[in-house]
Every structure is written in C-alpha cells, then in structure tokens.
Amino acid sequence: MRGVGLAIGLMLAVAVMPSLCAQQATQGAATSEAEAHAPATGDKLMDARLVDMAEYARMYPDAFIDEIGRYLDVPRGYASALLTQQGWRAGDVWYACALGKVIGQPCRAVVRARSHSPETTWAEVAGVLDVALDRRQRQSLRALSERSYQHWARPLPKS
C-alpha cells in the first residue's frame, strides 16, 4: 500500500513539473522585461508604478484601458491600439496620457513626441513639447497614479 502511495505521488509530481517550469519561465521573462525597461521619468517611485502597471495591464487589460479612457480622457480604441498595434508598454501609455492631461496637451501630442525618439527619457519628451515639469506637475502625476491604483483596488508598489 505504501508503494502505491509513493508511485501516485511520483506520477503527480511528474505531471505537474512541466506546468511549474513553464510558470517559472514566464515569471522570469516578465521580471527580465521589467528590469530591461526603465520608464525613465526621473522619479524612482513613478518608475516603479509604471513597471507595476504593465503587470496589471497584462492581467486586466480591459480595466487598464477603461482607466485611461475614463480618467485620462483618451479614446479606448486609441489606448488599445498603442498597446496592441504600436507595441507600447502599458506604463508608457498611461504616463503619456497622464502627462498630456497634466500639461494641458492631448495624449496624441505626447505620443507623437515620444514616438519620434522612443529611447528618450520622459523629461526629454516634455522638453520636445516645450514643457519643463515643475514640482506641482510631478505631484499631479503622482496623484493621478494614486487614483488609478485606488480605482483598481491595487496596492501602490514601493520604490
């Protein structure tokens, strides 16, 4: 009887192993992608939030797109196209649209400025738009991100 239990346990372990390996590989790839992409806002806390937003958008794409549409005043289709057709990272989509809202320009203008040089920092993008982000605007961006996290009922990431 003891040998049968051991055999069943081994069969279960063998059956579950490929699934666990695939899960670990997926988590490793997500971590590598997050580490490879630094949003470069000039604000370490905001950068951490933008990386976390990518994870949220991966798990809940519709809720992420709804947030951008509803609270950042961007058409859902436009935000969705940036993610699916243009290959933008979710955090960058959120930041571009939030930055537009804070500086009083449409999200499309910010996206256009970033699209010309995708490797530039967000401060450089603001410079292209003839805006130097001041303390109040940076606080507004943080406040917008905090509201998004409240809407998602998601804890804010630590820096």
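**Aromatic contacts**

Modeller: Tryptophan 122 has a relative accessible area of 0% and is therefore buried; buried means under 20%, exposed over 50%, and partly exposed in between, with a 1.4 Å probe and protein chains only. This is a predicted model, in which local features need pLDDT of at least 70, side-chain atom pairs count only at pLDDT 80 or more, and totals for chains, interfaces and linings use all residues. Residues are numbered from 1 along each chain as its sequence is written, and side-chain values use heavy atoms, with hydrogens and water left out.

Colleague: What makes tyrosine 95 count as buried?

Modeller: Its relative accessible area is 2%, so tyrosine 95 is buried.

Colleague: How many aromatic pairs are there, and why is the pair of tyrosine 95 and tryptophan 122 called tilted?

Modeller: The count comes to five aromatic pairs. Rings of Phe, Tyr and Trp (its six-membered ring) pair if their centres lie within 6.5 Å; planes under 30 degrees apart count as stacked, over 60 as edge-to-face and the rest as tilted. For tyrosine 95 and tryptophan 122 the centres are 5.0 Å apart and the planes at 55°, so the pair is tilted.

Colleague: Why is the pair of tyrosine 149 and tryptophan 152 called edge-to-face?

Modeller: The planes of their rings are at 70° and the centres 5.5 Å apart, so this pair is edge-to-face. Tyrosine 149 is buried because its relative accessibility is 1%, and tryptophan 152, at 9%, is therefore buried too.

Colleague: Which residues form one aromatic cluster?

Modeller: Tyr56, Tyr60, Phe64, Tyr149 and Trp152 form the cluster.
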